[in-house]
Amino acid sequence: MTGPKSTTTGREPARYEPPIPQPIATTPNVLLDSFSYDDDIVRKFLIATFVWGLVGMLVGLVVAVQLANPAMNVAPFLTFGRLRPLHTNAVIFAFAGNAFFTGAYYSTQRLLKTRMFSDGLSRFHFWGWQAIIVSAAITLPLGFTQAKEYAELEWPIDIAIAVVWVAFAVNFFGAIARRRERHLYVAVWSHIARIVTVASLHIFNNLSIPAGPFKSYSIYAGVQDAFMQWWYGHNAVAFFLTTPFLGMMYYFLPKAAERPVFSYKLSILHFWTIVFMYIWAGPHHLHYTALPEWASTLGMLFSVMLWMPSWGGMVNGLLTLRGAWHKVVEEPVLKFFVVAITAYGMATFEGPMLSIKSVNALAHYTDWIIAHVHTGALGWNGFLTFGMIYWLLPRLFQAPLYSKKLAEVHFWVATFGILLYVVAIYSAGVTQGLMWRAFDETGRLAYPDFVETVMKLMPMYWMRAAGGTLYIVGMLLFGYNILMTWRRRPASYEVPVIQAPRLTKEYVEGNGRVTPAPAGVWARFVAMDWHRAWERLPVTFTVLTAVAVIVASLFEVLPTFLIRSNVPTIASVKPYTPLELAGRDVYIAEGCFNCHSQMIRPFRHETERYGEYSKPGEFVYDHPFLWGSRRIGPDLAREGGRYPNLWHVRHMEDPRAITQKSIMPAYPHLLKDPLDFVGIQRRVDVMAMLGVPYGDAVNRAPEMARAQADSLAKAVEGEGGPKGLQDKQIIALVAYLQRLGRDIKAPQVARSTP
Amino acid sequence: MKGLTDVVSGAGLSVYAEVALVIFLIAFLGIVISLFAPGKQHTYERLRHLPIDGEGDNA
């Protein structure tokens, strides 16, 4: 390293000129390039990580309190159904996403011994990503959603995500192409896998046909849509929240512990195991639903197999601290890392366990899944981020950390917050699961009234809110430490100039010798030369990683799409009427699917409570599917005809007027807001384009919708309800709810084409 | 997609999912075997030091 240059901080006009590489001949065969790293972009992502993390967690606290006290819902924009996706998107894509970019921009430059490919692309990536987050924060409360978990954002934002992601990929692979370190460290592999896989997941899961500026319909329907969504959802966890954070662990843990990773071989094994196995495990999110049995079993087996490599990674992380455990006592950075890795171990034990069908039968739709997710999110992603940022602060702001003691307090407050949160919600999940399936001595449901099972959870919901509050208090301490460290920064940042030899065509080890190739095919195989050859050719490596992921995905997903016997059709199942379709869109916009499932599993306690179990053929016109993943309220798959029309109107207007203890938000605006009859035509046309047999409705959808709305409004009035609802959104929603599950009750003959 | 569904349904391709699974397991086992086979220990030793041997941390 030669003498440092300096770049200005925010106190002076920012101006940075990248140094021109200056080859210096040291030996006849070795040329040294001079260059510097772009830490300004790392600082930007670091600040964004904190800001969006705080926002996402505050929204999380709001939705937690809304469950404990429904009066906290403020319709129409700030109800649980609209805010819950905002919380999940903010913590996943804004907090964890920016945290990953912070770590990736810092570590990639140093591991590759090069500046990023383009400072302009780095800034486009940063500002583009922040703009996407802001657009999510605006559109989700407005009710613009695709109704797919973690993929709620509508099509214009999806396109923007793809563009920004491509910019990041070009910048990243450009840096790889210009690197001065031949070998790609395992952390870089993780980043490559993330870039390639997330792009595939995002594109295929979000394929849809627009029906307006912020409205679209998934090209997939029912079972296929569910399969695609959870292929996405599960692998988004893998390649957005797991592999990239493992890459960060493999880089920042050795840095902080000042020890190399315990086993490099284990890290390679860990990486490839995730690439090969994770991608098959998605169907475990759909056990006992209307999914082919083979897919469900395949997902379970691969999930269970994932346990061992995941724990291999955890052990690799913890054993990296061999001989350095005394530092854990003194260093909050290492404390955060130790708890993060332990949380990773717990979550990756629990995940396979939950994928076992008999365990899943109890846990699915309950808070157990929420507890599992938060062990990973708060413990693994959150604490790894905190540890990384505390380590980075003095290096990026070139000033000592403001207060190590405050960081210690942050650690203990947040750890206690996590414990309070997960203990409460694990208890809530098991309690609710057991109450749903309990029968009394006469063979009847012990708790037939769903709201009774909800009331039992209230103390745990408040305890969860308390745990979340503690975690946020920790975030505020974290932010104060960041702010005060930033204030200590120098007037201008030093920019060290690094020197490293250019790569030569021959592989040069660290000592400068040319490594002779092992003799013989077997010797080359066991010496991993073939694997090392991939690493030297990142394009080939990337393509092979992509092929491993995509081929596995196709072979798992395609049969469900293309083999007819996997989704037997039911003759009596017909498309929704234009009015019902509009009502379904109201249901989607209000986020009802966040609390209500539409999927009755083939268990006696479910069929007793909700009716006949769900069949794959019932959903062939459902673009998108609305099976849900959580039952904060009861399942609605057979809701049609269960209650009078007026009951639904009153219930939506004020749920507690109907069910005193209900925690459902009130939607009085639905009785006032007009329904856009003209816009229904475009929606029907898109559905027809997707293959839904709409017949006459493609020519006169608004007229048909108005006729049904008039008839339904008269029926409501006849039941003693308010007048003048025929052009209001509530009528469309009631029409939809009254249709749910009725087709299968009609006389029909099921047919299955082999 | 209906026409494609008819063609693929009649082609009896479902067995290829199992073939893909077997190929993937073999490829994965290849990585595992070669990873733990003797040799190249000194290379791994250098590679595991890459993060802590780097410069430019401003520490």
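Is D585(A) buried or exposed? In this predicted model, D585(A) has a relative accessible area of 6%, which is under the 20% cut-off, so the residue is buried. Its side chain meets that of R683(A) in a salt bridge, with 2.7 Å from N to O. Because D585(A) belongs to helix α20 (residues 578-589) of chain A and R683(A) to helix α24 (residues 677-689) of chain A, the pair ties together parts that are 98 residues apart in sequence. R683(A) has a relative accessibility of 26% and therefore counts as partly exposed.

Over all chains, the structure holds 33 salt bridges. Another of them joins the side chains of D635(A) and R631(A), at 3.5 Å from N to O; D635(A) and R631(A) are both buried. In chain B, the side chains of R48(B) and E45(B) form a salt bridge at 2.7 Å, N to O. R48(B) is buried, its relative accessible area being 15%, while E45(B), at 33% relative accessibility, counts as partly exposed. Elsewhere, D38(A), D40(A), K44(A) and R123(A) are joined into one network by salt bridges that share partners.

Chain A also contains helix α2, which spans residues 80-112. The helix has 33 residues, and the distance from its first C-alpha to its last is 45 Å, close to the 48 Å expected at 1.5 Å a residue. α2(A) bends by about 30° at A90(A). Since 33 of its 33 residues are buried, α2(A) is largely enclosed by the rest of the structure. After the helix comes K113(A), with a positive phi near 50°.

The loop between α1 (40-68) and α2 of chain A contains N73(A). This residue counts as buried because its relative accessibility is 12%. A polar atom of the N73(A) side chain lies 2.9 Å from the backbone oxygen of P70(A), and the side chain of N73(A) also reaches the backbone nitrogen of F80(A), at 2.8 Å. F80(A) falls within the residue range of α2(A), 80-112. Apart from neighbours within four places in sequence, the contacts of N73(A) are Q66(A), L78(A), T79(A), F80(A) and P665(A).

Strand β4 (residues 208-212) and strand β5 (residues 215-218) of chain A pair in the antiparallel sense over 4 bridges. They form a hairpin, with 2 residues between β4(A) and β5(A). In this pairing, G212(A) stands opposite K215(A) in β5(A).

Definitions and conventions
Residues numbered from 1 in each chain as written. Chains lettered and ligands numbered in written order. Predicted model: local features only at pLDDT ≥ 70, side-chain atom pairs only at ≥ 80, totals over all residues. Heavy atoms only, no water. Expected span 1.5 Å × (residues − 1). Bend = angle between axes of the 7 residues up to and from the residue. Buried < 20%, exposed > 50% of the residue type's maximum accessible area, 1.4 Å probe, protein only. Polar contact = N/O pair within 3.5 Å; in protein donor to acceptor, adjacent residues only side chain to side chain. Contact = heavy atoms within 4.5 Å. Pairing = 2+ DSSP bridges. Salt bridge = Lys/Arg side-chain N within 4 Å of Asp/Glu carboxyl O.
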